Amino acid sequence: MKHEDWRQTVLGPASPIWASRPDVGMALCVTWPSGSPDVVAARTSVLDLIKGPTMRSPTWRPCIGIVHVVPPPNPIPLDTVYVGAGLNQGLPRPSAWAALHETPRSGSLAGFVRVSLDTRADADQWLQPLCGKILCCDCCSTDCPAEVLRDAVLARSRLSQPSPADCPLRDASQLEDSTCLDNEPHHECDDAPFKPALSKGPDTRGVSPGALPAWPHSWTALVHRIRAAPCRVFWEIFAGTAGMSRAFQNDGWAVGRPLDVADCEDFNMLNPLFVGVILGIINEGRIGLLWLGPPCSTFSMAVNRFPSHAMRSQDLPSGLPDLTAVQQEKVDLGNALAMTAVIFMQAQHHAHGFFIWEQPASSLMLRYEPATAFFSKVGAYQAVRDVCVDGAPWRKPTAFVSNHCRIYAAAATCRGGHDHITLAGKAPCGKIGRHSLHRIGQPCAVT
Ligand SMILES: [Zn+2]
Ligand SMILES: [Zn+2]
């Protein structure tokens, strides 16, 4: 018997279930997937949407040639790509192939390009826009960066002659194993102090080729794991103990490695190179739901409630004037991290993905101008949930802001019937009470 006939027998108008157990009948109606061709087609198209754009490996075509023009033409012709550093007056800003380059003390722009080719996990994506284009360079050097780029594209186009055995997902299971969530140590304390390591991490500026440490393995593994996922992933940034990542993984989502600098010092959100890596992944459209819980410390009312300690206020969420040097440093660090989170959120929105921004409801970060300006521009939705509803010992209302209206389902107020611990002094950063929240982002059930 066909699925739909069977369903008709059990749930059709003539079924005895409507006389004996109408409640069971109703439950079956909404939970039993229909085999009707229209519904099957609709379900398939919804699943395709969730999976996002098809991610095929790129095709390679050699560059057409190189032109040297000083200063470069403005505007740049359509079939031409400017690859210079934007050092000539009146012209272009640094191109994506020289954007992190500064006038080198040692080495050259071409050296920078060679180093980038050796160390960037996204080198292929970086080179792709140059395929079949004329490269426009203004380097005035015998060691021309455009020639290095052209040769790299040419080498890839020679290598990419069809090879039917190629399967980009072959190594995915190994990657998944080596970076499995359950094998990773997580800090017990969610409120681990944030230790920025501005001087740490690779710096590719002005270094001659060969003198540079490679991109840390942790970054490469991070990129590979997300690219190996068969569908768009859940990704938690400023993850703390990564409770959301575990919850979403248990719910069947593909999950990116949760990022927290307390977990691994390579994941420093103040390292522009690492921020670039994250933005690259987001811009590829691989993130279905981005969860951001930037540390609230200096934005917290636990600090700012007392005039003697206040660093921010409702009216001046970006920082009060006349702070001490130590306070100013803390405020600048808080602002820098909040701004980084805003940039990730904007990128995710533009990549047609969903984000959730988590903060204690009283946190002044919810009034931080770059965040509020973006929220009102895109019409974000906000829900507040008392975390005692999920079993936390304190009430701690926590705000969730999202570009997905279903965030409203997360709103909940304490109904009483239990005691609350009063939070004094340093408050935990709203990362308790995640147990049921992971359901928000689930795709709608289709019947
Ligand atoms: Zn050149
Ligand atoms: Zn309560």
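In this predicted model, S15 sits in the loop that links helix 1 (3–11) to helix 2 (17–20). Once neighbours within four places in sequence are left aside, S15 is in contact with T9 and V10. G25, 10 residues from S15 in sequence, lies 9.3 Å from S15 in space, C-alpha to C-alpha.

Widening the view, the protein chain holds 14 helices and eight strands. Of its 447 residues, 33% are buried. Among contacts between residues at least 6 apart in sequence, 72% join residues at least 24 apart.

The interior comes next. In soluble globular proteins, nonpolar side chains tend to be buried together. Here the largest nonpolar core has 57 residues, and within this core L290 and L292 touch the most other members. Several elements each supply at least two residues of the core, among them helix 9 (217–228), strand 4 (233–237), helix 11 (272–283), strand 5 (287–292) and helix 13 (325–350). Helix 13 gives the largest share, six residues. Residues up to four places away in sequence not being counted, L292 touches I237, F238, A341, F344, M345, F355, W357 and E358. A second core of 25 residues is separate and includes L109, V115, C136 and C137.

Two packed helices are described by the angle between their axes and the distance between the axes. For helix 11 and helix 13, the angle is about 20° and the axes are 9 Å apart. The two are therefore roughly parallel to each other, as angles under 35 degrees count as such. Helix 11 passes helix 13 in a right-handed crossing. On the helix 11 side, the contact involves V275, I278, L279, I282 and N283, which meet T340, F344, A347 and Q348 in helix 13. By class, the residues of this contact are six nonpolar, three polar and no charged.

Helix 11 also packs with helix 9: their axes come within 11 Å and cross at roughly 5°. Helix 9 and helix 11 are therefore roughly parallel to each other as well. Here W219, V223 and I226 in helix 9 meet F274, V277 and I281 in helix 11. The residues of this contact comprise six nonpolar, no polar and no charged.

V70 and P71 are joined by a cis peptide bond, with omega about -10°. P71 belongs to the loop between strand 1 (65–68) and strand 2 (80–82). Positive phi values in residues other than glycine are found at C140, where phi is near 50°, and at F238, where phi is near 60°. C140 is in the loop between strand 3 (134–137) and helix 7 (145–159), while F238 is in the loop between strand 4 and helix 10. C140 is exposed, because 11 other C-beta atoms lie within 10 Å and the limit for exposure is 12 or fewer. F238, by contrast, has 25 other C-beta atoms within 10 Å and is therefore buried, the threshold being 20 or more. F238 is also one of the residues that L292 touches.

Terms used
Residues numbered from 1 in each chain as written. Chains lettered and ligands numbered in written order. Predicted model: local features only at pLDDT ≥ 70, side-chain atom pairs only at ≥ 80, totals over all residues. Core = buried A, V, L, I, M, F, W, Y, C linked by C-beta atoms within 7 Å. Helix = DSSP H or I, 4+ residues; strand = E, 2+ residues; numbered from the N terminus. Contact = placed C-beta atoms within 7 Å. Axes fitted to C-alpha atoms, helices over the stretch in contact; angles between N-to-C directions. Parallel < 35°, antiparallel > 145°, perpendicular 65-115°, else oblique. Left-handed = near helix turned anticlockwise from the far one by under 90°. Nonpolar A, V, L, I, M, F, W, Y, C, P; charged D, E, K, R; others polar.
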